[in-house]
Amino acid sequence: MEESRFLTGQILLALPGIGDPRFERAVIAMCAHDEQGALGVGIGHELEDLTLHDLLGQFEIDPGVAPDAPLHYGGPVEPRRGFVVHSTDWGGQDTIDVAGRWALSGTIDVLRAIADGTGPSRWIVALGYAGWSEGQLDAEMTRHGWFNVPGDAALLYESDAGQRWERSFARAGIDPRLLTPGAGTA
């Protein structure tokens, strides 16, 4: 069986010294990757001044049963646009299945469903996304900067955002404290 060169359904981890402060210790749930480009949602950094209840209030949605969970920095592209990475037990207007591992929704119906208790059983809400044009991520993967690991529910939902980076490397058998910010020469 041939392994796909595409990273849909995997977790993309920023290596130390990536060179872009927006991606230091980034953990990105890769939601789409094909010949035309890639889209991922950051799940490794929480926003400090905005919570789910704040976001629901902006849309005049009663929080209902939704916990006042932190929002995540999804990425630098369209930082005012929201995305929900969630379990596959719920689907809405625009929900896409991500390699059978999780789902991605980007319309207000998922927020309403979370608030009224009929939404996905597990979810992460993020603002913004990380995007790559045709061939851009493929080229970046050949240089120092990114490392990918298989995506799974435990990494997404059972780890605090601040621990996802270390835990993701640990699942790959790597101690991130031993990683250096650059490549050597021989």
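Start by selecting helix α2: its buried residues (buried: under 20% relative accessible area, 1.4 Å probe, protein chains only) pack against α1 (52-58), β6 (77-86), β8 (102-105) and β9 (123-132). Contact here means heavy atoms within 4.5 Å; helices (H or I, at least four residues) and strands (E, at least two) are DSSP runs, numbered from the N terminus.

This is a predicted model, in which local features need pLDDT of at least 70, side-chain atom pairs count only at pLDDT 80 or more, and totals for chains, interfaces and linings use all residues. Residues are numbered from 1 along each chain as its sequence is written, and side-chain values use heavy atoms, with hydrogens and water left out.

Within α2 (residues 108-116), select Asp109, Val110, Leu111, Ala113, Ile114 and Ala115, which are buried. Glycine 117 follows α2 and has a positive phi, near 80 degrees.

Next, select Leu55, Phe59, Arg80, Gly82 and Leu127: of the 18 residues lining the largest pocket, these lie nearest its centre. A pocket is an open set of points on a 1 Å grid over the protein atoms alone where a 1.4 Å probe fits, with protein on both sides within 12 Å along at least five of seven lines; lining residues have an atom within 4 Å of a point. β6 gives the largest share of this lining, six residues.

Now stay on β6 and select glutamate 78, which is found in this strand. Its phi is near 45 degrees, a positive value in a residue other than glycine.

How values were computed. Buried means under 20% relative accessible area, exposed over 50%, partly exposed in between (1.4 Å probe, protein chains only).
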